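Please keep the sequence and the three-dimensional view at hand while reading.

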Amino acid sequence: MVKNILRVPLLEQADEKTLELGGARFDVSTVNWPEEFPYAPICAGRMARTADSLPVSWRVSGLDLTVRNTEDGGTIWEDSCCEIFLQDPGCDKYYNI
């Protein structure tokens, strides 16, 4: 697994414009099983933090992307997805978004 360090800035607010202008940019570029899944869509985004949230904005472009489930509790495993794993430096726990 590739580990990259992203310094996530603290913003006062998390609206779309503030996140785009002040958030840390990241790329999701690792395919864990390239022999089985050689194609990877382009995926990037911006992330920041506020006093009470971690806003993340994603942009994905690719072939045959599927979105069927738009409500909580849906069968999301039927949709296309990208993941990012986050971990505080020096901490064993991580978050999967």
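## The enclosed strand

Strand S2 is largely enclosed by the rest of the structure, because five of its six residues are buried. Buried here means under 20% relative accessible area, exposed means over 50%, and partly exposed lies in between, with a 1.4 Å probe and protein chains only. Strands are DSSP runs (E, at least two residues), numbered from the N terminus, as are helices (H or I, at least four residues).

The model is a predicted one, in which local features need pLDDT of at least 70 and side-chain atom pairs count only at pLDDT 80 or more, while totals for chains, interfaces and linings use all residues. Residues are numbered from 1 along each chain as its sequence is written, and side-chain values use heavy atoms, with hydrogens and water left out.

## The sheet around it

Strand S2 belongs to an open sheet of three strands, arranged in the order S1-S2-S3 with antiparallel pairing. The edge strands, each pairing on one side only, are S1 (24-27) and S3 (56-61). From one strand to the next, the twist averages 20°, where axes are lines fitted to C-alpha atoms (for helices over the stretch in contact) and angles run from 0 to 180 degrees between N-to-C directions.

Two strands count as paired if DSSP finds at least two bridges between them. Strand S2 (residues 42-47) pairs with S1 in the antiparallel sense over four bridges, and six bridges join S2 to S3, which also run antiparallel. Met47 can be followed across the sheet: this residue of S2 is the bridge partner of Ala24, and Met47 also stands opposite Val56 in S3.

## An aromatic pair between the edge strands

How many aromatic pairs does a search of the whole structure find? The search finds two, where rings of Phe, Tyr and Trp (its six-membered ring) pair if their centres lie within 6.5 Å, and planes under 30 degrees apart count as stacked, over 60 as edge-to-face and the rest as tilted.

## Cysteines

The count of disulfides comes to zero, a disulfide being a pair of cysteine sulfur atoms within 2.5 Å. Cys43 is buried at 3% relative accessibility, while Cys91 is partly exposed at 32%.

Asp64 lies in the loop between S3 and strand S4 (85-86). Although Asp64 is not a glycine, it has a positive phi of about 55°, and at 73% relative accessibility it counts as exposed.

Asn69 also lies in the loop between S3 and S4. A polar atom of the Asn69 side chain lies 2.8 Å from the backbone oxygen of Thr75, and the side chain of Asn69 makes a polar contact with the side chain of Asp79 at 3.3 Å. A polar contact is a pair of N or O atoms within 3.5 Å; within protein, one must be able to donate a hydrogen and the other to accept it, and residues adjacent in sequence count only if both atoms are side-chain atoms.
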